[in-house]
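Here's a quick briefing to read alongside the model. Keep the viewer open and click along as you go.

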Amino acid sequence: MKVVLFCGGYGMRMRDGVSDLPKPMHPVGPRPLIWHVMRYYAHFGHKDFVLCLGYGAHHIKDFFLNYSETASNDFVLRGGDVELLGSDIQDWTITFVHTGLDSPIGERLRRVRALVQGEEMFLANYADVLTDMPLNDMIEKFRATDAVGALLAVPPQSAFHCVDVGDDDKIASISTLQEMPLWENGGYFALRPEIFDHVPENGDLIADACAPLAKEGRMMAYRHRGFWQPADTVKERTALEAAYQGGTRPWMLWERRPSEALDRDPLQAAIAALTEAPLER
């Protein structure tokens, strides 16, 4: 199944005042965010990628054109020749398409329409969010419906507490936002080509297509309470790096051993890693 990745935004909240890297190219461990997202899809067998490029396109092109398998794979150096013991991207197909510097997400999708139009369905992603969601389960549930699109729905990430205040100003209850019956867009999509009939020129995917379709009952949500971590800010990216260096990497499903306990709560494990890992301040 083809995977469309939106990786052309400026990523202003990720700027550190030094690097001009686009957000998907900021590193987590030895590889950039976009690699982690692509490796996640490849784990489920989806290795045909369409990259919607914009700002910083040369960084993304250079990374893949000069890709070094030795950075994340074991190898043997014998007589000056490298013998790889594993490979990441040798069986991937990656199509690079410049979709404009200032194009909204919907327009970026429109500009690669010809590459996915003939598919039964295709996947899409913002290329800056990591998760351990069981992707094939989401796809199969979507396939069984007549919806035009499906998106990953996750609990709100804010750490603030919600306060239920009565008319007499007395507090009836205090709860976390995650305990409320609220969900937010997690950035992982499964879409049918009919979506193109609902995205106007220079339109937004969510506001102009998904929201109206939702009102018609033609959008599906896949709710996931496991690990989900965005990288919208420097702080969030630093937290992911800390988790990676601390050895707790719940999004890296391809590293899990078959015998690993399935009932472990990945969200709590990730939170523990973020709390315990040393952070520069």
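This is a predicted model: local features need pLDDT of at least 70, side-chain atom pairs count only at pLDDT 80 or more; totals for chains, interfaces and linings use all residues.

Are Arg31 and Asp88 buried or exposed? Both Arg31 and Asp88 are buried, where buried means under 20% relative accessible area, exposed means over 50%, and partly exposed is in between (1.4 Å probe, protein chains only). Residues are numbered from 1 along each chain as its sequence is written, and side-chain values use heavy atoms, with hydrogens and water left out.

**The overall picture**

- The protein has eight helices and 15 strands; helices (H or I, at least four residues) and strands (E, at least two) are DSSP runs, numbered from the N terminus.
- Out of 281 residues, 47% count as buried.
- The accessible surface is about 14,500 Å², and carbon and sulfur atoms hold 51% of that (Shrake-Rupley method, 1.4 Å probe; for residues, only the protein chains shown count as cover).
- Among contacts (heavy atoms within 4.5 Å) with a separation of 6 or more, 74% are between residues 24 or more positions apart.

**Salt bridges around Asp88**

- The structure holds 16 salt bridges, each a side-chain nitrogen of Lys or Arg within 4 Å of a carboxyl oxygen of Asp or Glu.
- Arg31 and Asp88 form one of them, at 3.6 Å from N to O. This pair links distant parts of the chain, with Arg31 in strand E3 and Asp88 in the loop between strand E6 (81-84) and E7, 57 residues apart.
- Asp88 also meets Arg39 in a salt bridge, at 3.9 Å from N to O. Arg39 is in helix H1 and Asp88 is in the E6-E7 loop, so this pair ties together parts 49 residues apart in sequence.
- Arg39 counts as buried because its relative accessibility is 16%; for Asp88 the figure is 6%, so that residue counts as buried too.

**Salt bridges elsewhere**

- Glu194 and Arg218 pair up at 2.9 Å, N to O. Glu194 is in the loop between E13 and H6, Arg218 in the loop between H6 and E14, and the two are 24 residues apart.
- Both ends of that pair are partly exposed: Glu194 has a relative accessible area of 31%, and Arg218 is at 24%.
- Lys23, Asp128 and Asp232 are joined in a salt-bridge network.

**Helix H2**

- In H2 (residues 57-65), the buried residues are Ala57, His59, Ile60, Phe63 and Phe64. They fall within an arc of 165 degrees seen down the axis, so they line one face of the helix; the arc is that of the directions from the helix axis to the C-beta atoms.
- Their cover includes strands E1 (2-7), E3 (31-32), E4 (48-53) and E7 (93-98), along with helix H1 (33-43).

**Helix H6**

- Leu205, Ala209, Cys210 and Leu213 are buried in H6 (residues 205-215).
- E1, helix H3 (105-110), strand E13 (184-191) and strand E14 (219-223) are among what covers them.
- After H6 comes Gly217, with a positive phi near 75 degrees.

- Val165 sits opposite Ile171 in E12.
- Five residues lie between the two strands, and Asp169 takes a positive phi near 70 degrees in this hairpin.

Key:
Two strands pair if DSSP finds at least two bridges between them.
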